Amino acid sequence: MEPQIFRPPMYRTPPLRLPPVIPLGLQALYGACRAIYPDQPNPLQVAALVKYWLGGPDPLDYISMYSNPGNPEAGIPPHWHYVSFGLSDLHGDGRVHGRDGLSSGFGFELTFRLARGPGDGPVPPTWPAAILQALAKYVFQTENTLCAGDHVSWHCPLDNSESRVQHMLMCEDPQLGTVATPFGPVAFVQIVGALQEELHAAQGWNGPGVVDLLRGAPGAGGSWLVTDMRRRESLFQLSPGARAQVDAGIAQDGSNLSGVSARCTWRELARGQDEEELERGFAQISVREEEQIKAALAEGLRGSSSKPPFAPRVRSPLDDRPEEEQERPSTALAVQEEEEEVVEPPAGGGAETRHLERVQVTLDLEAGTLLVLALRGRLLHGRHFTFKGVVGDAAVTLVPPGVAGAFVEEGRPLGTRGPWLQVLLQEGDVARMLADLQVLAGGCEALSLPKTFHWCGSRLLVTLMHEDY
């Protein structure tokens, strides 16, 4: 009798589907980069040691650094091209971003182009990667997106050197543009290093207009807007006619900056409170003294860290569109000019309306300088402007007559809904405010802070404070 051999039963199981080695969203973005850099399939990268979705501190998974030859004949210098990966949805499985069907993650990635000098080595510096990570943290923490036309007031040389390039404008990356991915479109937003004068022009007029002028200015990076940290001359020195173009744009169009995040608070005042009482407890310190203290602190910090000694302060247009037309909650969307100005309530601004007799608004000095731009570029053109507090829910909206959605009116110019204060300013009020604020035009170094202005028959008091009040 032959022995019987036991054969285990055979089961047919579906094939095991392993996830792709490179996530599909990342594949699409890598493909767009390979189309531009076919000879650099494995560029140098800065990678997060612990991914954000595993509890790491850095939201960007990767930052690739490509060597770009530029086009010297067209005024585009050789440069390093930094590209972020992580603000958009790389994985599509919900580990970082939800799916809304409209865009991939936040809908954009950041890029930066840094000019290479003759003496620069073969390895790109990594400080631009630190800036990209810092901006990404701002986006993840606040859910405020960045888009072409926005700007960032950084108040520190981007590379922690003695450079005059201390701020940032945003534009569409001229080579990468917008890329389709399996999880939605991704726009590549390029950071452009800017000088103080260029930032002020973008705030007073609009970012896209200043960016266009920079593209045509000799020595400003060419049409690809390559940032050169050695640049000492501003747009208005490189292109003498630019100042007239900006001034004409402000006079004709006003500003498309409808609000900023700033150090801003307000409170209702009792009758009879005087200025001495209002400013009691605030240290009297001049701007020059404050700058000397900050410089000493910065000098001590510079040797111990490659990062800026303070977080970036992002300034970008607040969305004027009605809530139902917005793709996601954000205070950093580019403003499309409306046929009719409408005041939309900020978060927390839906309470019952109260009308007040007297208020005090407190702003830091930078917000005070932006107040001049708001009055000249917005209020005089029949448009509102909002200061949104960076801490808490406080918001102050300056409103000219005739703006829809306002809950203030002639005879009752001060109104509040919860933490949202509206102030109605007539043309005469704006003229008096601009005249009083001329004290800021000659430089703020000798200005003693706090400084309180009395406007609207002393019903509106605005106090300017040092940065860390």
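The following exercises, each with a worked solution, concern a predicted model.

Residues are numbered from 1 along each chain as its sequence is written. In this predicted model, local features need pLDDT of at least 70, side-chain atom pairs count only at pLDDT 80 or more, and totals for chains, interfaces and linings use all residues, while side-chain values use heavy atoms, with hydrogens and water left out.

**Exercise 1.** Determine whether A32 is buried or exposed, and state which residues A32 contacts.

*Solution.*
Step 1. Locate the residue: A32 belongs to helix α1, residues 24-36. Helices (H or I, at least four residues) and strands (E, at least two) are DSSP runs, numbered from the N terminus.
Step 2. Apply the cut-offs: buried means under 20% relative accessible area, exposed over 50%, and partly exposed in between, with a 1.4 Å probe and protein chains only. Because its relative accessible area is 17%, A32 is buried.
Step 3. List the contacts, where contact means heavy atoms within 4.5 Å. Apart from neighbours within four places in sequence, A32 contacts L176 and V179.

**Exercise 2.** Describe how helices α9 and α10 meet.

*Solution.*
Step 1. Two packed helices are described by the angle between their axes and the distance between the axes. Axes are lines fitted to C-alpha atoms, for helices over the stretch in contact, and angles run from 0 to 180 degrees between N-to-C directions.
Step 2. The axes of α9 (residues 365-377) and α10 (residues 427-436) come within 10 Å and cross at roughly 145°.
Step 3. V372, L375 and R376 of α9 make the contact with V430, M433 and L434 of α10.

**Exercise 3.** Give the strand order of the open sheet of 6 strands, and explain why β9 and β13 stand at the edges.

*Solution.*
Step 1. Strands of a sheet pair through backbone hydrogen bonds, either parallel or antiparallel. Two strands pair if DSSP finds at least two bridges between them.
Step 2. The order is β9-β15-β16-β18-β17-β13, with mixed pairing.
Step 3. β9 (259-262) and β13 (353-355) each have a single partner strand, so one side of each lacks a neighbour in the sheet.
Step 4. Within the sheet, β17 (residues 414-417) and β18 (residues 420-424) run antiparallel and are joined by 4 bridges. R417 has W420 of β18 as its bridge partner.
Step 5. Helix α9 lies across β9, β15 (385-389) and β16 (395-399), at about 160° to β15.
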